[in-house]
Amino acid sequence: QAALQVCTNEAQSGDASAQFTLANLYLDGTFAKEDWQQAMPWIILAANQGHPEAQMMLANCLQQGKGV
């Protein structure tokens, strides 16, 4: 739970890598069930900052209709 808080704080401060990591934590079920509604905003924020993995994930999500 402490790791989630640290990652959330870093993501909220604008760290694209933390945003992408937080999105993945919501998607892989680390802390709860898979949650696309929680993950998508973080994916979008990271992608908009040029994070390449987040950009690829966002493109895949949009193509497959996940989280939209």
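The model is predicted, so local features need pLDDT of at least 70 and side-chain atom pairs count only at pLDDT 80 or more, while totals for chains, interfaces and linings use all residues. Residues are numbered from 1 along each chain as its sequence is written, and side-chain values use heavy atoms, with hydrogens and water left out. Helices here are DSSP runs (H or I, at least four residues), numbered from the N terminus.

**Helix H1 and its buried side**

- Helix H1 covers residues 2–12, and its buried residues are Leu 4, Cys 7, Thr 8 and Ala 11. These four residues sit on the same side of H1, because they cover an arc of only 100° around the axis. The arc is taken from the directions that run from the helix axis to the C-beta atoms.
- "Buried" means under 20% relative accessible area, "exposed" means over 50%, and "partly exposed" is in between (1.4 Å probe, protein chains only).
- The buried residues of H1 pack against two partners, helix H2 (16–28) and helix H3 (36–48).
- Just after H1 comes Gly 14, which takes a positive phi of about 105°.

**How H1 meets H2**

- The axes of H1 and H2 come within 8 Å and cross at roughly 135°. Axes are lines fitted to C-alpha atoms, for helices over the stretch in contact, and angles run from 0 to 180 degrees between N-to-C directions.
- H1 and H2 are therefore oblique to each other. Angles under 35 degrees count as roughly parallel, over 145 as roughly antiparallel, 65 to 115 as roughly perpendicular, and the rest as oblique.
- H1 and H2 make a left-handed crossing. That term applies if the near helix is turned anticlockwise from the far one by less than a right angle; if it is turned clockwise, the crossing is right-handed.
- On the H1 side, Leu 4, Cys 7, Thr 8, Glu 10 and Ala 11 meet Ala 18, Gln 19, Thr 21, Leu 22 and Leu 25 of H2. Contact means heavy atoms within 4.5 Å.

**How H2 meets H3**

- H2 and H3 pack with their axes 8 Å apart, at an angle of about 160°. The two helices are therefore roughly antiparallel to each other.
- H2 passes H3 in a left-handed crossing.
- Residues of H2 that take part include Phe 20, Leu 22, Tyr 26 and Leu 27, and those of H3 include Trp 36, Trp 42, Ile 43 and Leu 45.

**How H3 meets H4**

- The axes of H3 and H4 come within 8 Å and cross at roughly 130°. That angle makes H3 oblique to H4.
- The contact is made by Trp 36, Met 40, Ile 43, Ile 44, Ala 46 and Ala 47 of H3, together with Ala 54, Gln 55, Met 57, Leu 58 and Cys 61 of H4.
- The crossing of H3 and H4 is left-handed.

**Residues to look up**

- Gln 19 is found in helix H2 and counts as buried, at 3% relative accessibility. Not counting residues up to four places away in sequence, Gln 19 touches Ala 11, Gly 14, Trp 42, Leu 45, Ala 46 and Gln 49.
- Ala 39 lies in helix H3 and is buried, with a relative accessible area of 0%. Leaving aside neighbours within four places in sequence, Ala 39 is in contact with Ala 23, Tyr 26 and Leu 27.
- His 51 has its place in the loop between H3 and helix H4 (52–64). At 11% relative accessibility, His 51 counts as buried. Its contacts, not counting residues up to four places away in sequence, are Ala 16, Ser 17, Phe 20 and Ala 46.

**The cysteines**

- The structure holds 0 disulfides, a disulfide being a pair of cysteine sulfur atoms within 2.5 Å.
- For Cys 7, the closest cysteine sulfur is that of Cys 61, 17 Å away, which is too far for a bond.
- Cys 7 counts as buried at 9% relative accessibility, and Cys 61 is buried too, with a relative accessible area of 3%.
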